[in-house]
Amino acid sequence: MGILNKLWNIFILKRKAVKVPKDLCISGRIYVHGRKGGVMIGEGVTIHSSENVNPTSGVNHTHLRTEGPGKIVIGNHVGISHANITTFDSIIIEDHVLVGSGVKIWDTDFHSIKYEDRMQKPDTHVQSIPVKIKEGAFIGACSIIKVWMLF
């Protein structure tokens, strides 16, 4: 499976125009969704996206998703295990951050909070604000970083 995963990752990263350093290490298959060029990855990054790598992983894979103009910037020497990162605006992960298994980072509420707004088609009251994970942070397994807006 190793060579198939490597080919998959090369294909996905090129297809989504992800800027990738030569020392990027991915175990398993990464999933990148959204617009081309919306994801940037720094040097010395390790991404786990395989059931066999981390004892806490379950069956999760790493998913990086940009919606609209959203962007994900992953700094240098970051470790990510089986995370789901979704942005409508921007998520910046600074250098030397560890993102534990099953972590979810979302900069959006995905849909309106008010019932009346959700019932409008399309739902135009979706809110999003930038998220920045500061240098050296450690986000423990199964944590959720989500923007909650009540306006």
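Residues are numbered from 1 along each chain as its sequence is written, and side-chain values use heavy atoms, with hydrogens and water left out. As the model is predicted, local features need pLDDT of at least 70 and side-chain atom pairs count only at pLDDT 80 or more, while totals for chains, interfaces and linings use all residues.

I begin with the sheet. Helices (H or I, at least four residues) and strands (E, at least two) are DSSP runs, numbered from the N terminus. Five strands make up an open sheet with parallel pairing, ordered E1-E4-E7-E10-E13; two strands pair if DSSP finds at least two bridges between them. The edges are strand E1 (25–28) and strand E13 (138–139); each has a single partner strand, so one side of each has no neighbour in the sheet. Within the sheet, strand E7 (residues 79–81) and strand E10 (residues 98–99) pair in the parallel sense over two bridges, and Gly-79 has Leu-98 as its bridge partner in E10.

I turn next to the core. A nonpolar core is a set of buried Ala, Val, Leu, Ile, Met, Phe, Trp, Tyr and Cys residues joined through side-chain atoms within 4.5 Å; buried means under 20% relative accessible area, exposed over 50%, and partly exposed in between (1.4 Å probe, protein chains only). The largest such core has 27 residues, and those touching the most other members are Ile-41, Ile-74, Ile-80, Ile-85, Ile-93 and Ile-105. Helix H1 (2–15), strand E3 (39–41), strand E6 (71–74), E9 and strand E12 (131–133) each contribute at least two residues to this core.

Now the aromatic residues. Three aromatic pairs are present, where rings of Phe, Tyr and Trp (its six-membered ring) pair if their centres lie within 6.5 Å, and planes under 30 degrees apart count as stacked, over 60 as edge-to-face and the rest as tilted. Phe-88 and Phe-110 are edge-to-face, at 6.0 Å centre to centre with 90° between the planes. Phe-88 lies in the loop between strand E8 (84–87) and strand E9 (90–93), and Phe-110 in the loop between strand E11 (104–106) and helix H2 (115–118), so the pair ties together parts 22 residues apart in sequence. Phe-88 is partly exposed at 27% relative accessibility, as is Phe-110 at 34%. Ring pairs join Phe-88, Trp-106 and Phe-110 into a cluster.

Finally, H1 gives the most to the lining of the largest pocket, with six residues.
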